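Me: I would like a close look at one part of this model: the ligand site. Please take it piece by piece.

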Amino acid sequence: MRSVLVTGGNRGIGAAICICLKELGYNVIGSYNANHEQAAAFSKKYDIPFYSFDLANPEITEQKIQEILKNHGPIDCLVHNAGITNDGFFHKMTLERWQNVLQTNLLSCFQVTHPLIQGMRERSFGRLVYITSVNALKGQIGQTNYCAAKAGLIGFVKALALENANKNITVNAIAPGYTETDMVSAMNESVLSQIVETIPAKRLAKPEEIADSVAFLLSDKASYITGTTLHINGGMY
Ligand code: NDP
């Protein structure tokens with residue numbers, strides 16, 4: 001049974017990924033930040049162990065990944081899905097907001113991936129998927145921090161894929177378009193309906209539609225796909 005760590009696995013896209021992979025027989029381990037009650041209920045319902053840590057804190061993140069390895073043994077697959085927005089025009093943005101989004105969405109890749117990759121190389125197997133965003137490709141007003149972080153993930157994926165391709169380790173990104181989750185329901189309703197009008201499919205993605213593609217990239221059927229970004233955006237970009 002393959003093991004998979006899904007960050008941000010308690011709700012939204014991450015929850016759909018956890019449910020999908022659990023149904024496929026993976027040994028799923030999830031992480032979240034601070035939504036303790038909700039995560040405990042989700043963990044119980046789906047029988048998935050969850051760990052709470054803030055990706056904005058590099059030291060704690062590294063410690064928790066080590067704890068996960070100690071408690072669950074080798075991790076075969078990683079889905080680094082957790083992410084935040086903290087929008088605002090760049091000319092009004094504080095350094096704190098800039099750094100928080102960069103650390104949580106991009107720089108945390110180091111603390112989450114580094115402890116796992118050596119074991120994957122030794123075992124000659126690994127599947128790594130990073131959730132980026134359509135906005136990394138197209139840009140978005142008010143999201144310089146988010147777009148920089150998510151575009152950075154794509155470069156990270158390409159380089160890590162090259163370094164590990166000869167070890168049967170694949171590294172890919174998935175770039176969802178606007179998806180039905182809390183992140184999107186937090187948006188202004190009229191802005192959101194204007195965005196939906198620009199999507200050729202005329203609807204948001206469902207979290208399950210992203211999860212199915214994650215499952216494919218983790219599967220043996222995708223063993224020759226590495227260094228790529230899969231776009232799931234209803235034709236938006
Ligand atoms: P949600 O806001 O619904 O969920 C975010 C998840 O990330 C939660 O599990 C949350 O934990 C966790 N998280 C947030 N901040 C931290 C932190 N500092 N440390 C650890 N975990 C954290 O997000 P979505 O499901 O909408 O998005 C999932 C991913 O997909 C993100 O990377 C997002 O950028 C990307 N994406 C989303 C799109 C969308 O339209 N929804 C479109 C394109 C990309 P907790 O519950 O404890 O807060």
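By class, how many nonpolar, polar and charged residues does the shell around the ligand have?

Reply: This is a predicted model, with residues numbered from 1 along each chain as its sequence is written. Local features need pLDDT of at least 70, side-chain atom pairs need 80 or more, and totals for chains, interfaces and linings use all residues; side-chain values use heavy atoms, without hydrogens and water.

The shell around the ligand has 13 nonpolar, 13 polar and 4 charged residues (Gly counts as polar, Tyr as nonpolar). In total, 30 residues surround the ligand (a heavy atom within 4 Å). Asn10, Arg11, Asn81, Tyr146 and Thr181 are the closest.

Now the helices (DSSP H or I runs of at least four residues). Helix 1 (12-23), helix 6 (144-164) and helix 7 (182-185) each supply at least two shell residues. Helix 7 gives the most, with 3 residues.

Next, the polar contacts (N or O pairs within 3.5 Å). A backbone N or O atom of asparagine 33 lies 2.8 Å from a ligand oxygen. At leucine 55, a polar backbone atom is 2.8 Å from a ligand nitrogen. Tyrosine 146 uses its side chain: a polar atom there lies 2.6 Å from an oxygen of the ligand. Taken alone, the ligand exposes 900 Å², and the protein buries 94% of that (Shrake-Rupley, 1.4 Å probe).

Where does the ligand sit? It takes up the space of the largest pocket (more than half of its atoms within 2 Å of the grid points). A pocket is an open set on a 1 Å grid, with protein on both sides within 12 Å along at least five of seven lines; lining residues have an atom within 4 Å of a point. The volume of the largest pocket is about 1,100 Å³ (space filled by probe spheres set on the points). Its lining has 46 residues, and Gly83, Ile84, Thr85, Thr181 and Met183 are the closest to its centre. Helices 1, 4 (95-123), 5 (134-138), 6 and 7 each give two or more lining residues, as does strand 2 (27-32) (a strand is an E run of at least two). By class, the lining has 19 nonpolar, 22 polar and 5 charged residues.

The structure also holds 1 cavity of 30 Å³ or more (a 1.4 Å probe fits but cannot get out).

Terms used. A polar contact is a pair of N or O atoms within 3.5 Å; within protein, one must be able to donate a hydrogen and the other to accept it, and residues adjacent in sequence count only if both atoms are side-chain atoms.
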